[in-house]
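Please consider the following chain and its coordinates. The discussion takes the form of questions and answers.

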Amino acid sequence: MARNFYFGKDANIVTGSANFASLIATGFASYGLSSAQSTAFGVLNSALQGTYSAAINPSTRSPVAIEAKDIAIRNMRASAINLSKIIYSTATVTDAQLVGL
């Protein structure tokens, strides 16, 4: 069975976070989320995208950039887990929606 996007290689985590953020940004209500929850995750995702880019770019890669990326992943993961619990417990969310996330 596949694991959630927030576990695995950094590149997969970052891509999964962007997908999750885009899906809940436009359809937050259909997932049982509020606009504020969607926006808060979007902020975490934006931070993750920026810190990941800095951590993999040879001209900006440094121990500080790598640590910032690791912190951004941890923050995003904590939020994604909480939101996933809400989404999973929402009766109107279909299996197809869950798989899409």
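Predicted model: local features only at pLDDT ≥ 70, side-chain atom pairs only at ≥ 80, totals over all residues.

Q: Are helix 1 and helix 2 roughly parallel or roughly antiparallel to each other?
A: The axes of helix 1 and helix 2 cross at roughly 150° and come within 9 Å. Angles over 145 degrees count as roughly antiparallel. Helix 1 and helix 2 are therefore roughly antiparallel.

Q: How many nonpolar residues are in the contact of helix 1 with helix 2?
A: Helix 1 contributes residues including Val 14, Phe 20 and Ile 24, and helix 2 contributes residues including Phe 41, Leu 48 and Tyr 52. The contact of helix 1 with helix 2 also has 4 polar residues and 1 charged residue. The number of nonpolar residues in this contact is 10.

Q: How are helix 2 and helix 3 oriented to each other?
A: Helix 2 and helix 3 pack with their axes 8 Å apart, at an angle of about 155°. The cut-off for roughly antiparallel is an angle over 145 degrees. Helix 2 and helix 3 are therefore roughly antiparallel.

Q: How many nonpolar residues does the contact of helix 2 with helix 3 have?
A: On the helix 2 side, the contact includes Phe 41, Leu 44 and Leu 48, while on the helix 3 side it includes Ile 73, Met 76 and Leu 83. By class, 4 residues of the contact of helix 2 with helix 3 are polar and 1 is charged. The nonpolar residues of this contact number 16.

Q: What is the orientation of helix 1 to helix 3?
A: Helix 1 (residues 10-27) and helix 3 (residues 63-88) have axes 11 Å apart and pack at an angle of about 45°. That angle makes helix 1 to helix 3 oblique.

Q: Is the crossing of helix 1 and helix 3 left-handed or right-handed?
A: The contact involves, among others, Ile 13, Phe 20 and Ile 24 of helix 1, and Ile 73, Met 76 and Ile 87 of helix 3. Its residues divide into 8 nonpolar, 2 polar and 3 charged. The crossing of helix 1 and helix 3 is left-handed.

Q: Which residues does Phe 41 touch, not counting residues up to four places away in sequence?
A: Beyond four places in sequence, Phe 41 touches Ser 17, Phe 20, Ala 21, Ile 24, Met 76, Ser 79, Ala 80 and Leu 83.

Q: Is Gln 97 buried or exposed?
A: Gln 97 lies in helix 4 (residues 95-100). Leaving aside neighbours within four places in sequence, Gln 97 is in contact with Ser 30, Tyr 31 and Thr 92. The relative accessible area of Gln 97 is 19%, and under 20% counts as buried. Gln 97 is therefore buried.

Q: Is Val 43 buried or exposed?
A: Val 43 lies in helix 2. The C-alpha atoms of Val 43 and Met 76 are 9.3 Å apart in space, and the two residues are 33 residues apart in sequence. With 55% relative accessibility, Val 43 counts as exposed.

Notes. Residues numbered from 1 in each chain as written. Heavy atoms only, no water. Axes fitted to C-alpha atoms, helices over the stretch in contact; angles between N-to-C directions. Helix = DSSP H or I, 4+ residues; strand = E, 2+ residues; numbered from the N terminus. Parallel < 35°, antiparallel > 145°, perpendicular 65-115°, else oblique. Left-handed = near helix turned anticlockwise from the far one by under 90°. Contact = heavy atoms within 4.5 Å. Nonpolar A, V, L, I, M, F, W, Y, C, P; charged D, E, K, R; others polar. Buried < 20%, exposed > 50% of the residue type's maximum accessible area, 1.4 Å probe, protein only.
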